[in-house]
Amino acid sequence: MFGQSRWRKRSRGPLGGRAEPELLQLQVVIESQHSGCHSYPHLGSSEAYHLTVTEPVAVLKADEVWGALRGLETFSQLVHEDDFGSFLVNESEIDDFPRFAHRGILLDTSRHYLPVKSILTNLDAMAFNKFNVLHWHIVDDQSFPYQSIYFPELSDKGAYSYNHIYTPSDVRLVIEYARLRGIRVIPEFDTPGHTQSWGKGQKDLLTPCYNGEQPTGSFGPVNPILNTTYDFMTQFFKEISSVFPDAYIHLGGDEVNFDCWKSNPNVKEFMKKQGFGIDYAKLESYYIQKILDIVSSYNKGYIVWQEVFDNKAQLKPDTVVQVWMENNYAHELSSVTGAGFTAILAAPWYLDYISYGQDWKKYYSVEPLNFPGSEKQKKLLIGGEACLWGEFVDATNLTPRLWPRASAVGERLWSSSNVTDLEDAYKRLTNHRCRMLRRGIAAEPVFVGYCAHEARG
Amino acid sequence: MAAGWLRLLAVLMLLLQPAAAVWPRPQVQRSPRGGGRCLLPPGRFRFGHAAGSAVGPGCTVLEAAFQRYRALLFGAARPTENEPVPSTENPPQALPCTQLLVFVATPDCDGFPNLDSKESYKLSVSEGSLLLSADAVWGALRGLETFSQLVGRDQNGAYYINKTEIEDFPRFPHRGLLLDTSRHYLPLRAILETLDVMAYNKFNVFHWHIVDDPSFPYESSTFPELSKQGAFNAMSHVYTAGDVQAVIEYARLRGIRVIAEFDTPGHTLSWGPGAPGLLTPCYSGKHPSGTYGPINPILNRTYQFVTSLFQEVSSVFPDFFLHLGGDEVDFTCWKSNPEIRAFMKQMGFDEDYRKLESFYIQRLLDIVSSLGKGSILWQEVFDNGVKLRPDSVIHVWKTSKPYMEEMADVTKAGYQALLSTPWYLNRISYGQDWMAAYQVEPLKFKGSAKQKDLVIGGEACMWGEYVDVTNLTPRLWPRAGAVAERLWSNASVRNLQDAYMRLAAFRCQLLGRGVQAQPLYVGYCENEFGGF
């Protein structure tokens with residue numbers, strides 16, 4: 001709020017005296033016994049708050065600390081400077097709570113490594129926008145930067161280099177930094193596809209592909225037919241379950257290419273034995289179900305990409321399905337919630353798909369509940385995520401590419417469904433963007449114009 | 001998403017340690033089959049003037065370049081003792097190269113680069129000797145950049161350069177980058193940094209689209225009210241005379257020409273507040289609507305104003321050329337104004353407002369010519385049949401008709417042409433759009449050899465509607481590098497896979513130089529931005 005301004009202590013009061021009263025204090029009252037202070041935020045956390053700004057003491061009331069954080073952010077946005085540099089805040093009464101409980105940003109640290117500093121800066125920006133979930137897509141085909149305690153070879157061999165890793169202390173730092181901002185960290189260890197980098201440090205984990213009778217030397221998804229696979233996964237997810245305190249782990253399950261499985265004679269043999277015929281979706285489901293069971297046994301909930309649901313794996317009722325395929329996603333939301341599963345929407349919010357012009361408007365105009373379904377179904381849509389896949393993104397362009405475009409998603413997920421006026425949103429968004437600049441977030445411009453305090457560059 | 005071979009390439013990139021490859025690719029480069037390299041001792045390496053060179057230690061352009069390149073090459077390398085420590089590790093044929101001698105044939109060091117400046121150079125890396133020779137200092141600058149890209153570090157950290165012979169010169173003499181400081185103000189620092197990276201890419205023209213509709217940041221000494229009333233903020237969002245001179249000199253030391261664009265008669269809304277009566281008042285029926293249009297071409301005082309302003313601009317900016325704009329003139333306001341309609345009748349222009357536009361532009365061209373400057377204009381001026389001077393340069397940018405047809409038409413009419421249409425880098429899209437920019441062939445139009453000679457080059461444009469200092473550098477680099485190579489290197493250098501490997505390596509080199517260049521695709525650099 002106050003930045004670098006030097007405040008005078010115990011002044012004798014302004015010359016001539018000012019008409020406005022002074023606001024000397026913001027009192028924060030946490031109402032619930034279980035404030036959440038020493039625990040982690042979770043899906044059911046209360047983020048509601050009531051803010052009364054009146055002289056001489058403003059009051060911020062919230063059930064839990066998480067609501068207080070949201071209220072502090074709001075209060076900080078109400079404070080403004082006049083022409084003379086005085087800090088002012090208007091008398092106001094605000095009653096606020098999020099429309100959706102899951103409001104996330106997906107970062108991909110496999111296609112490009114993201115230095116810890118850039119992740120932390122992003123968590124700051126998220127807090128300014130009331131986002132409350134960091135979906136950390138930490139490993140994938142291209143690199144494995146997560147330094148595992150049980151399986152150090154995974155990052156030793158799979159990371160881009162020894163410098164391109166997240167040590168256990170890096171991970172702890174991110175989790176705590178996020179917690180202090182009321183942000184959950186949900187890691188994604190995507191399998192059985194998207195796992196090329198895992199194979200470098202874990203022999204025999206991936207399926208060897210064949211050309212006729214001969215292995216080609218290349219590998220496909222995780223090998224679902226070996227016991228060793230599940231031994232590994234049991235150990236691995238034991239570690240993940242303890243390293244990441246959130247109640248949920250994202251297990252991926254997207255874009256599994258069956259070609260390699262189909263080429264492998266042992267896999268074909270297994271298919272026959274299991275009576276799967278030539279339906280490899282059944283093999284995929286067989287694998288997923290076993291992973292779900294493993295993760296379940298560690299008392300974690302799980303989120304999966306929509307294919308897992310689409311391919312009819314047997315999911316536990318509390319599975320969360322993330323809808324990401326853009327084509328007809330409303331229909332997918334109906335199906336997922338119709339089958340009784342909780343859903344998260346990402347499909348219209350792939351922010352890595354840049355284009356020329358004010359694309360924030362199209363993100364803003366999404367109405368998540370615009371899908372055919374009952375009231376009960378609509379309740380199952382718990383929120384959404386703005387995704388910034390990393391093929392073309394790293395620390396050089398992350399911040400301007402994410403912000404303020406993601407802010408449009410932030411409002412869509414927090415504010416009331418009738419807050420849709422684009423002209424009004426434009427005014428507030430440009431203002432908010434200048435505010436982010438002042439706070440050291442290099443958010444890119446919305447359109448032609450300027451901020452009183454430009455970025456330093 | 002991306003083609004399978006790109007994925008393979010990315011993997012290859014990760015596995016190979018790409019040999020120091022120059023970007024843009026030199027015209028001719030030969031390396032001896034036996035290989036061989038020399039080591040550079042950072043503590044005592046020096047740049048020196050070769051015997052017989054027409055320039056010496058008084059040449060600021062070179063002296064400043066030597067300092068810059070020493071820092072780029074060796075960073076804050078600590079000076080070693082006088083005696084070189086014999087290393088048992090070095091292979092016997094790796095003699096040390098302790099200096100790069102620079103030979104320049106012609107003496108001018110204090111002037112400004114121009115369209116005819118010679119940028120050719122030869123670089124010879126042989127047994128214990130490094131020699132750079134050039135016709136003019138500008139070529140020496142290009143050669144120093146090439147040299148800096150060839151120096152690598154081996155696995156022990158030793159600086160080395162492989163034996164090689166390079167003969168290099170640019171394919172096109174005008175290789176520009178446009179920045180727009182009106183849609184968004186760009187702090188001086190951002191412009192200077194862009195000039196640095198332009199030099200790394202051998203760009204040699206900074207096209208400064210300095211003012212436009214939204215704001216007028218140029219502080220004019222003749223008309224101070226222009227920026228006082230027209231800048232976003234007259235204190236913080238302006239370029240003082242000192243700022244402008246700083247840009248011009250910074251550019252000069254890098255062999256970069258600064259061509260200012262004061263775009264008229266359209267794109268001038270921000271001029272209105274500081275120059276009352278300059279813009280055409282639009283009418284709603286019989287009454288002024290309160291809004292304004294392009295510069296009013298029917299008033300004498302308009303031309304007095306334009307003369308005075310361009311008198312100042314001509315003296316402030318030393319380049320021979322000025323860019324006069326002339327694009328997207330909206331005739332609606334002129335048509336609505338009864339005085340203008342009367343003028344049109346008087347002049348016998350009927351309803352053809354292009355004749356009125358032509359009337360203005362011709363007078364502007366005369367003014368600018370009498371000030372001893374040449375003119376560059378956007379293509380509309382040519383398309384609308386304005387009577388131009390034979391030495392006018394036409395800047396092709398529109399997409400309404402295939403730009404190669406426009407290039408053919410412009411050059412057929414005898415005018416020199418600049419190409420920008422396929423290089424609007426502000427038009428971002430998902431994926432590796434640098435490839436489309438790279439694959440452009442500026443001379444791929446039906447025309448005689450004489451016509452093709454009239455194509456003097458092109459410019460990558462970074463219009464500012466959605467761009468300011470927060471995203472300028474990653475949006476510009478390395479994508480603009482594709483344009484840089486297309487304009488410098490031989491026409492036959494088109495292989496995308498090879499370009500990918502070299503551009504990705506060059507991008508990592510840019511990161512190492514502190515430039516926030518964004519990634520081309522999946523992968524990594526040894527030294528990441530904002531990292532460890």
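Visitor: How many salt bridges count between domain 1 of chain B and domain 2 of chain B?

Guide: The count is 2 salt bridges. This is a predicted model, where local features need pLDDT of at least 70, side-chain atom pairs count only at pLDDT 80 or more, and totals for chains, interfaces and linings use all residues. Residues are numbered from 1 along each chain as its sequence is written, chains are lettered from A, and side-chain values use heavy atoms, without hydrogens and water.

Visitor: Why is the meeting of B:Arg175 and B:Glu119 called a salt bridge?

Guide: The term needs a side-chain nitrogen of Lys or Arg within 4 Å of a carboxyl oxygen of Asp or Glu. The side chains of B:Arg175 and B:Glu119 meet at 2.7 Å, N to O. So the pair qualifies.

Visitor: What makes these two parts domains?

Guide: An automatic or database domain assignment sets the bounds. In chain B, domain 1 is 28-78 + 93-168 and domain 2 is 174-513.

Visitor: Which residues are in contact, and how many?

Guide: Contact means heavy atoms within 4.5 Å. By that rule, 22 residues of domain 1 of chain B touch 23 residues of domain 2 of chain B.

Visitor: What area do domain 1 of chain B and domain 2 of chain B bury between them?

Guide: About 1900 Å², with 54% of it on carbon and sulfur atoms. Buried area is the accessible area (1.4 Å probe) that two parts lose on being put together, summed over both. B:Phe112, B:Leu115 and B:Arg142 supply 32% of the area that domain 1 of chain B buries against domain 2 of chain B, more than any other three residues.
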